[in-house]
Amino acid sequence: MIRRADGPLSVEEIHERALGDMPGLGIATVYRTVKLLLEHGQIKSVVLDDGVARYEAADLGHHHHFRCLNCDRVFDLDVCPVEFSDATKLPHGFVVEDHELTLFGTCPTCTDQV
Ligand SMILES: [Zn+2]
Ligand SMILES: [Zn+2]
């Protein structure tokens, strides 16, 4: 379910999608499953500036998120606009090891509706 998503999903979104396969599925069950998967390290939580916890597979590798300001969905991007490679040294002795980045804008679905 989470693996097939095009971006991290909130518990509500997982619930909505799962209902198609499992009518009658309660949201409490989704919460329990998410908690279990987190404990087993299979998924991790992604919290963006809107404060909503979303979840994605833990082994996705380096990627960034794009949040649509219109529909609030979050997508995975496979482009990385950051040019610092690992161990890039910045002035004043800062050594870069990783970065996080979230882009904001309009998703393809919302762009089509304009
Ligand atoms: Zn959108
Ligand atoms: Zn990057």
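Reader: Which strands each supply at least two residues of the lining of the largest pocket?

Author: Those are β2 (43-47) and β4 (64-68), strands being DSSP runs of E with at least two residues, and helices runs of H or I with at least four, numbered from the N terminus. Keep in mind that this is a predicted model, where local features need pLDDT of at least 70 and side-chain atom pairs count only at pLDDT 80 or more. Residues are numbered from 1 along each chain as its sequence is written, and ligands from 1 in the order in which they are written.

Reader: How many residues of the lining come from β2?

Author: β2 gives the largest share, 4 residues.

Reader: Which residues are closest to the pocket's centre?

Author: First the idea: rolling a probe the size of a water molecule over the atoms shows where empty space is left. Here the largest pocket has a volume of about 370 Å³. Of its 16 lining residues, Lys 44, Glu 56, His 63, His 65 and Glu 100 are the closest to the centre. A pocket is an open set of points on a 1 Å grid where a 1.4 Å probe fits, with protein on both sides within 12 Å along at least five of seven lines; lining residues have an atom within 4 Å of a point.

Reader: Now the metal: what coordinates the zinc ion (ligand 1)?

Author: Donors are N, O and S atoms within 2.8 Å of the metal (3.2 Å for Na, K and Ca). For zinc, they are the SG atoms of Cys 68, Cys 71, Cys 107 and Cys 110, at 2.2 to 2.3 Å.

Reader: Why is the arrangement tetrahedral?

Author: Because the 4 donor atoms subtend angles of 103 to 115°, and four donors count as tetrahedral if all angles lie between 85 and 135 degrees.

Key: Heavy atoms only, no water. Points joined across faces, edges and corners; volume = space filled by probe spheres on them. Tetrahedral: all angles 85-135°; square planar, octahedral: opposite > 155°, others 65-115°.
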